[in-house]
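Here is a short tour for a first reading. Keep the chain in view and follow the headings one by one.

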Amino acid sequence: MGKFYSRAQEMEFSTEASMGSNSSLNTKPTIWLDISDFSQYAEAGNITVSGIQRVIANLVTHAGLSAFDVRPVILDRDAKAVRAADAALVGELVTLLQSGAAKRDNVVALEERVRASRVKVEVLPGDVYVMAGAFWIYQHYDLFSELRAKGVKIALFVHDLIQIRYPEYLSADANVQFRKSFLDVLAMVSLILANSEHVRSEVLEFVRSRLNLEIPVQAITLPTELPAIAKDATIDDRVIEVAKREFVLCVSTLEIRKNHVYLLKIWQKLFRERGLLVPNLVFVGKWGWMFEELRDHVEASNGIDRWLFIFNELSDAGLSYLYDRCLLTAYPSFAEGWGLPVGESLAHGKPCLASGVTSIPEVGGRFVRYFDPHNVEEGFQLFRDTLSDRQGIAEWAASIKRELKLKTWNEYCEEFYAAIDAHTMDPVTPNPLGNHIYLANRLYYLGNDDVARMDSKGELLLTARMTRVRGWHAIEHWGCWASDRCAVLRLQTELREGEEVIIAMRVVAPEGDNCPSLSTEVGGIVTDHGPVSRNEVFVRFYGRVSKDGMLEILVKSGGVPNGPLHGRILYVGFTSVGFSLKRDIEGRVALLEQITETESRTRRQEIHTSSSPGHSSSVHDGLSPSAFISSLLLNKGGGNSPKESVFRRLWFRTVLISAQRAARRHDWRTAEKRYARLLRYRLDQPRLIVQYGHALKEQGAFPAAAGAYQFALSLDPANEETRRLWEFASERARH
């Protein structure tokens, strides 16, 4: 079972490890193998292993191939702590599920014992945490951010990118869950392993084009060795009966992606061929997602239990029995990360006709004949020609048995652990804040809905999700609530230490009787924002860059919190954040434009602004998106625009005349837009800002108008008319 520790040894290790976390004390790093997905699979009562779970089972069995101690861990669903499971019990569970003779009740009971055996352990700097299963099962990934911050390397094994590359074949919920989880993990991983060269190329392309990151990706191709079958394993009578007649076998989940309908259409055409001996068709696999079309074709074919047979739950022994006795196999899948049944077919010495797409040719090589899974006529001709030559099939099978070299699970695990060991010994320490570098003049979003929106537009998928260091609840569709009075965000930037920045952060108060106040601290600069609105609003504050370009934002909530709501105490909520250099006027305008787009999308109707020069309060009113943004970021703005060309001056004059004409027509919305465009280049003209304030005031956007008048007054303090306008708008805003 490898170099696993017993429960008593784990507890001893935990005690020793808690005495310090300095990497200099970690003389022999540990590899922590996450088997949470395998545990949940057993918890659900599955009695065999397949796909991802078979990989985990073999990594457990062959753990001794690593030069380091490999310890199995199972996280809780909230993923807040690393908990190591008893090695002996994990080994028993793996053996039971791979035996082919497991009973559901026995599997569930043993999994409960494994879960009960866990102890909390301390992961030290220099250790490696390996996620080789379904990484998208966790509610959030803050734990991995904490591990990375303390110097732990994180390795990820990717089985496929079907949810990203071929989303039409899976449910929308599954696609969203995978995408957001993948983004969170990619922000923290230091090594990616893939199960095929095809998946490696897809991961590299995604990481580079959608995240602008360089993360090492290495392919560790899966084996073709078959699972061991117990000699006394029993075979279902129905399986034995079906195998008495000639048949073609198709093994895969019964769902739209696997393209079973393709075979049904071909078989119906084959039956119309005179003189052709058509074998039966056998499907083996569990029912998956979007199988309605397949079900309808099965019913319409009138072939079930005549020439079409379906087995939903089959033991390894039963499956092996069918492989050994089939004429050949078929695999018409639209997309795969690997294509395990193709390798299984060859390992049994059976010819296979398969899709020539994605990674499948990598599995089958020259031993498989390929077709286009979208072209039924091409597939029909290939199957017809193949089935017309039984002698050719026999010779094909003989060449497979004679020439194919199987890759064993031992070889696979040896390659896997060699890659992990090399990463463990690599002296390069990853950036503790993760892989992302956050750039100035850009707004970073947080919520799950934002990820889906950005992905649909093909935008760079850099988010603020992994900026959360501590004091936050799990991310929701809109953003995230603070769980502590002082929550922390950290952004790694390319800025110099000591640089002053202006930060725009969108916040919201939870529902309830209490409205929390907000203050922020960034690099020693403290800003008091007063009460937070229950509508999402942007707040603006100054900060200073810390050592190594880090921007640390302390988000402090005051007052009495609301809750517990659904078992949680809620403080201020956070949805997006961006920053600009204080001295960079053009950069601030660029950030303003992004915030304008955000407000246009959500149509929020509230703003934080000052009620008097030098004194801060909160006022609320309905206003347009552009009004919101202008009053927000024009506050205390200013600066001369760059030297203008003749063309720029003509453009400015044209837009100004257009704005004035719109105002004379009382088309205040158009006038507001025109003045807003001009103010992006002329932030130093108080008369222009006053006209902009008029356009806002006439639309009833009094808080925004007050902000514009206040800014104009800061540029021209002696202008009494502007002061009266500001007082009027402020008074109306308060009421």
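## The chain as a whole

Of the 735 residues in the chain, 57% count as buried. The model is a predicted one. Its chain holds 26 helices and 28 strands.

Take contacts between residues at least 6 apart in sequence: 75% of them join residues at least 24 apart.

The largest nonpolar core has 86 residues. Within this core, Y129 and F182 have the most contacts. Helix α9, residues 197-211, supplies the largest share of this core, with 6 residues. A second core is separate and has 82 residues. Among its members are V298, L328, L346 and L353. In soluble globular proteins, nonpolar side chains tend to be buried together.

What does F182 touch, leaving aside residues up to four places away in sequence? Its partners are F135, L156, V158, L161, I164 and F206.

## S181 in helix α8

S181 belongs to helix α8, which covers residues 172-186. Is S181 buried or exposed? The cut-off for buried is under 20% relative accessible area. S181 has a relative accessible area of 0%, so it is buried.

Residues up to four places away in sequence are again set aside. S181 then touches F135, W136 and Y141. F135 is also among the residues that F182 touches. N448 lies 267 residues from S181 along the chain, yet their C-alpha atoms are separated by 9.7 Å.

Helix α25 spans residues 702-715, 14 residues in total. From its first C-alpha to its last, α25 reaches 20 Å. That is close to the 20 Å expected at 1.5 Å a residue. The helix is mostly covered, with 12 of its 14 residues buried. The buried set is F702, P703, A704, A705, A706, G707, A708, Y709, Q710, F711, A712 and L713.

Helix α11 runs over residues 260-270. Of its 11 residues, 8 are buried, so α11 is largely enclosed by the rest of the structure. Those buried residues are H260, V261, Y262, L263, L264, I266, W267 and L270.

## Helix α3 against helix α18

Helix α3 (residues 52-61) packs with helix α18 (residues 409-425). Their axes are 10 Å apart, and the angle is about 80 degrees. Angles of 65 to 115 degrees count as roughly perpendicular. The two helices, α3 and α18, are therefore roughly perpendicular to each other.

Which residues of α3 and α18 meet? R54, V55, N58 and L59 come from α3. W409, Y412, C413, F416 and Y417 come from α18. By class, this contact of α3 with α18 has 7 nonpolar, 1 polar and 1 charged residues.

## Helix α2 against helix α5

Helix α2 (residues 36-43) and helix α5 (residues 104-116) form another pair. Their axes come within 8 Å and cross at roughly 140 degrees. Only angles over 145 degrees count as roughly antiparallel. The helices α2 and α5 are therefore oblique to each other.

On the α2 side, S39, Q40, A42 and E43 take part. They meet V107, V108, E111 and R115 in α5. The contact of α2 with α5 has 3 nonpolar, 2 polar and 3 charged residues.

Definitions and conventions:
Residues numbered from 1 in each chain as written. Predicted model: local features only at pLDDT ≥ 70, side-chain atom pairs only at ≥ 80, totals over all residues. Heavy atoms only, no water. Axes fitted to C-alpha atoms, helices over the stretch in contact; angles between N-to-C directions. Helix = DSSP H or I, 4+ residues; strand = E, 2+ residues; numbered from the N terminus. Parallel < 35°, antiparallel > 145°, perpendicular 65-115°, else oblique. Contact = heavy atoms within 4.5 Å. Nonpolar A, V, L, I, M, F, W, Y, C, P; charged D, E, K, R; others polar. Core = buried A, V, L, I, M, F, W, Y, C linked by side-chain atoms within 4.5 Å. Buried < 20%, exposed > 50% of the residue type's maximum accessible area, 1.4 Å probe, protein only. Expected span 1.5 Å × (residues − 1).
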